[in-house]
Amino acid sequence: MFSTYDSTCQIAQEIAEKIQQRNQYERNGENTTKLTVTIRALLQKLKEKIALLKDLLLRAVATHQITQLEGDRRQNLLDDLVTRERLLLASFKNEGAEPDLIRSSLMTGGAKRGAPNPWLLEEPEETRGLGFDEIRQQQQKIIQEQDAGLDALSSIISRQKQMGQEIGNELDEQNEIIDDLANLVENTDEKLRTETRRVNLVDRKSTSCGICLLFEYMQFHGMKC
């Protein structure tokens with residue numbers, strides 16, 4: 001099947017090149033009969049190759065030689081070949097024309113020389129050669145591992161959330177202590193100012209009383225100031 005796809009792509013590439021060459025001959029006034037016959041033969045061969053690929057793909061999927069996912073991928077490649085066949089046929093029938101479709105086909109042809117065959121790029125190494133049940137078990141194992149990872153991540157996030165809440169509560173308690181200390185300092189400062197005023201008042205009264213007593217004493221003994 002691999003070699004069939006590769007040879008089919010090469011035929012499509014050759015047809016595109018031949019059509020371009022025929023159109024160049026037309027512009028130069030040269031005879032194109034031989035090229036036209038060659039292109040018709042190649043188009044018929046391309047059609048047969050694509051039909052063969054369709055049959056091989058159906059058999060591979062039906063007999064579980066490849067997975068459904070790989071079958072879908074190869075079907076996309078086959079659909080691309082069918083589209084290229086239609087474009088090449090339309091370009092061939094349009095005598096003397098050289099539409100952009102030809103240039104695109106030449107530049108984006110399927111099996112380029114030296115490039116890996118996309119038909120060979122099957123399913124990954126991990127699932128290659130496995131049956132559907134084995135692949136399903138492998139996928140379930142991967143899902144279980146992912147679930148375990150998500151559970152561990154959820155546990156970490158929960159612990160971090162709890163730590164954040166505890167830190168928040170501790171900050172609230174610290175703020176309350178700071179507020180209490182501020183109130184205590186304010187109350188103590190007010191009491192200190194009150195006591196200071198009282199001491200000053202008592203001191204003034206004591207000084208005044210002392211002077212009055214001294215004056216009376218001096219008057220009693222007939223002393224002069």
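UniProt, in an unreviewed entry, places a "coiled-coil region" at residues 171–198. UniProt positions follow the numbering used here, feature names are shortened, and annotations may be inferred rather than shown by experiment. Over residues 171–198 the chain is 100% helix and 0% strand. The end C-alpha atoms of this stretch are 41 Å apart. The model is predicted: local features need pLDDT of at least 70, side-chain atom pairs count only at pLDDT 80 or more, and totals for chains, interfaces and linings use all residues. Residues are numbered from 1 along each chain as its sequence is written, and side-chain values use heavy atoms, without hydrogens and water.

The protein has five helices and zero strands. Helices (H or I, at least four residues) and strands (E, at least two) are DSSP runs numbered from the N terminus. Buried residues (under 20% relative accessible area; exposed, over 50%; partly exposed, in between; 1.4 Å probe, protein chains only) make up 23% of the 225 residues.

The largest nonpolar core has 22 residues. Such a core is a set of buried Ala, Val, Leu, Ile, Met, Phe, Trp, Tyr and Cys residues joined through side-chain atoms within 4.5 Å. I15, L46 and L88 have the most contacts inside it. Helices α1 (2–28), α2 (33–62) and α3 (68–93) each give two or more residues to this core. The most come from α2, with eight residues.

V61 also lies in α2. At 22% relative accessibility, V61 counts as partly exposed. Beyond its neighbours within four places in sequence, V61 is in contact (heavy atoms within 4.5 Å) with I66, Q68 and G71. The C-alpha atoms of V61 and D72 are separated by 9.3 Å.
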